[in-house]
Amino acid sequence: EDQVTQSPEALRLQEGESSSLNCSYTVSGLRGLFWYRQDPGKGPEFLFTLYSAGEEKEKERLKATLTKKESFLHITAPKPEDSATYLCAVDNYGQNFVFGPGTRLSVLP
Amino acid sequence: KAGVTQTPRYLIKTRGQQVTLSCSPISGHRSVSWYQQTPGQGLQFLFEYFSETQRNKGNFPGRFSGRQFSNSRSEMNVSTLELGDSALYLCASSLDGSSSYEQYFGPGTRLTVT
């Protein structure tokens with residue numbers, strides 16, 4: 001069965017304290033891995049798509065990387081406005097999108 | 001460019017009733033997917049529509065159904081509501097599921113079943 005797990009479940013950082021979030025997946029076939037950010041009461045906001053091992057993408061303080069079994073979302077010098085739940089999802093060749101449970105990130109000023 | 005819109009934003013229904021939720025995708029997007037989000041189960045895929053046809057379906061009972069219109073707008077229907085159907089229902093659109101996989105989500109409809 002296709003499965004996506006994320007760790008840690010929750011993370012508290014001080015402003016400026018860099019860290020990484022992990023997304024591990026077990027799927028029959030990977031067409032793409034996606035990262036989203038979700039603020040309370042809102043729909044997920046698209047961040048990145050990664051398609052193959054070794055691929056990296058960056059956006060402001062965020063950098064996503066992909067290996068054959070996992071993806072990392074690196075947050076460099078985070079700010080309080082980066083506080084949100086970060087979700088990863090995999091597309092298993094059109095079967096459906098399988099989402100992980102998310103990591104709740106809190107960045108304290 | 002306008003984003004994905006969902007109506008209504010909030011709904012309160014009673015057990016046994018039925019409900020219809022609406023989603024308008026981003027202009028030009030032809031694929032619409034529906035998800036259920038709950039604190040316990042997270043985001044779970046319901047179904048995807050493309051060009052008025054259901055292309056994929058998740059593991060939900062037949063009480064959950066949907067359709068897509070020629071203008072790509074989509075509706076989902078839940079019949080015989082149960083307490084466990086209380087959730088945030090999210091719709092996401094993408095240009096074309098086969099060539100552009102980025103899905104853009106709407107704000108969701110918060111359904112409460114009492």
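Mentor: Buried means under 20% relative accessible area, exposed over 50%, and partly exposed in between (1.4 Å probe, protein chains only). This is a predicted model: local features need pLDDT of at least 70, side-chain atom pairs count only at pLDDT 80 or more, and totals for chains, interfaces and linings use all residues. Residues are numbered from 1 along each chain as written, chains are lettered from A and ligands numbered from 1 in written order, and side-chain values use heavy atoms, without hydrogens or water.

Trainee: How much of chain B is called buried?

Mentor: Of its 114 residues, 53% are buried.

Trainee: Why is the radius of gyration of chain B said to agree with a compact globule?

Mentor: The rule is 2.2 Å times the number of residues to the power 0.38, over C-alpha atoms. For 114 residues that gives near 13 Å; chain B has 13 Å, so the two agree. Its C-alpha box is roughly 40 × 25 × 25 Å along the principal axes.

Trainee: Which elements make up chain B?

Mentor: Chain B has 11 strands and 0 helices. Strands are DSSP E runs of at least two residues; helices are H or I runs of at least four.

Trainee: What makes β3(A) and β8(A) a pair?

Mentor: Pairing takes at least two DSSP bridges. β3(A), residues 19–26, has 6 to β8(A), antiparallel. A:L21 partners A:L73 there.

Trainee: Which strand forms a hairpin with β8(A)?

Mentor: β7(A) does, with 3 residues between them. Those antiparallel strands share 5 bridges. A:K63 stands opposite A:H74.

Trainee: Which face of β8(A) is covered?

Mentor: The one with A:S71, A:L73 and A:I75; A:E70, A:F72 and A:H74 form the uncovered face. In a regular strand, side chains alternate between the sheet's two faces.
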